[in-house]
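Reader: Pick one part of this model and give me a close look at it, please. I'd like the cut-offs spelled out as you go, and then how that part sits in the rest.

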Amino acid sequence: MREAGQKGADVADHSQAYTLLAGQLADGGLDVEAIKRALKAQRVETPSWGYSDSGTRFKTFPWPGAARDVREKLADAAMVHKLTGTCPSVALHIPWDMVDDWAELKAYGESLGVHIGAINPNLFQDEVYRLGSVCHHDPAVRRRAIEHMLECVEIAGVTGSTLLSLWFADGTNYAGQDSLSERKHRLLESLREVYAAMPAEMRMLIEYKFFEPAFYQTDLPDWGTAYALALKLGPQAQVLVDTGHHAQGTNIEQIVAFLLDEGKLGGFHFNARKYADDDLIVGTVNPFELFLIYNELVAASEAARDVAYMIDQSHNIEPKVEAMVQSVLNVQMAYAHALVVDRRALAERQAAGDVLGAHRVLTDAFETDVRPLLAQVRAEMGLHPDPIAALKESGYEQKVAAERGTATGVGGGFPTT
Ligand code: PSV
Ligand code: MN
């Protein structure tokens, strides 16, 4: 029996719906084969930390079968790739994913069908980072942060990763706590040293976040600050847009359009921000926003060629592998909607000053049911047209739950006594 909500992506009934849709898209002047090629080439990187137990400062609810180490995280990521055909790389966080033998880990990932993607240095969990890392007033702490980033550049060299993805928890909680301009200088000086150590093929992605963990002042609070730093550092430095890191109401697609036009959009961390930060499944709350972001990416065409698409989510109350597959499907949906925008009609309406006509070109695309198109693409890729159904049929979640068990005592950040 078909589960509620699965209709339209079903194996048996997608081809008829696809034939109808393909005819309508072609009649509208769209090249359906080119759209399918683009969807088959779509890539989304999943994060190692999305497969292990993680939660909030209140509570981490352990999930049966959650990955316990980096090898299990790679295995889960490989399963997501097997189901979606879209996720061949995995982002790592160091030292969460630290191993002695990186070449061996790389080979292990490849034996499963995935490779190691962005390397994320962790500059927020050591005791010494209480007052910051690269912006800290003590040069010894800054040195430690720089050395850790240099170590990550080396790790990336062995794993074949070309992205060094940086996020700093640096900031202050009280007015007067530290010199704001000095912190700015320390940040740039630290990044210059790391930038200089990067090989030519590596890019430094600089992520911003407008709040948390510091609440009075954050050293990298917005895209403008990240952009200014990237400009100063050079062409291998770019901005990373984490969709969860903006104030409510921020026009993220405008930021995307600006950075693309300036050649400074390095990549994304996709998620939904209704959990305050960045832990919910992308596209669940605001699919229209995600579509508008993809609309800019498709419009930018070649200028978006090197953009890295990554998910940054830590699931607390939901099944982890299923949550990751759902995230990928939501990103694919946004891309498919952006690909069916009638760009010629849009340009015409814009040139005519037709405010609502132009708007309707976008909403027409967004309201198109692209599920048969995505099912067809998956079928042509040799995949199950419905990856969630395929996951459930595979028994993978039960298998890992039996093998790995359920963690005990994972707790949360608050003291329990
Ligand atoms: C910080 O909130 C962040 O978005 C950064 O990308 C970190 O690397 C990641 O989350 C850790 O979960
Ligand atoms: Mn992030």
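Author: Let's start with the contacts: of those in the protein chain between residues at least 6 apart in sequence, 79% link residues at least 24 apart. Two residues are in contact here if their C-beta atoms, placed from the backbone, lie within 7 Å. Keep in mind that this is a predicted model, where local features need pLDDT of at least 70, side-chain atom pairs count only at pLDDT 80 or more, and totals for chains, interfaces and linings use all residues. Residues are numbered from 1 along each chain as its sequence is written, while chains are lettered from A and ligands numbered from 1 in the order in which they are written.

The protein chain has 15 helices and ten strands, taken as DSSP runs numbered from the N terminus (helices are H or I with at least four residues, strands are E with at least two). Its radius of gyration is 22 Å, close to the 22 Å that the globule rule gives for 417 residues, so the chain is as compact as a globular protein of that length. That radius is taken over C-alpha atoms, and the rule is 2.2 Å times the number of residues to the power 0.38. Buried residues account for 43% of the 417; buried means 20 or more other C-beta atoms within 10 Å of a residue's own, exposed means 12 or fewer, and partly exposed is in between.

Now the part I'd zoom in on: strand 9. All six of its six residues (265–270) are buried, so strand 9 is largely enclosed by the rest of the structure. On one side, four bridges join it to strand 8 (residues 237–242), and the two run parallel. Strands count as paired if DSSP finds at least two bridges between them. Val239 has Leu265 of strand 9 as its bridge partner. Strand 9 also has four bridges to strand 10 (residues 308–311), again parallel, with Phe268 opposite Tyr309.

How do you get from strand 8 to strand 9? Together with helix 8 (residues 252–261), they make a right-handed β-α-β unit. Right-handed means that, with the strands pointing away from the viewer, the path from the first strand over the helix to the second runs clockwise.

Val239 shows up again in the largest nonpolar core, which has 105 residues; those with the most contacts inside it are Val80, Ile206, Ala226, Val239 and Val241. The largest share, twelve residues, comes from helix 10 (residues 320–339). Such a core is a set of buried Ala, Val, Leu, Ile, Met, Phe, Trp, Tyr and Cys residues joined through C-beta atoms within 7 Å. Ala226 touches Ile206, Tyr208, Leu220 and Val239, leaving aside residues up to four places away in sequence.

Helix 10 has another link: the buried residues of helix 13 pack against it, as well as against helix 1 (14–27) and helix 2 (32–41). Helix 13 (residues 371–380) is mostly covered, with eight of its ten residues buried, including Arg371 and Arg378.

With 10 C-beta neighbours inside 10 Å, Ser301 counts as exposed.
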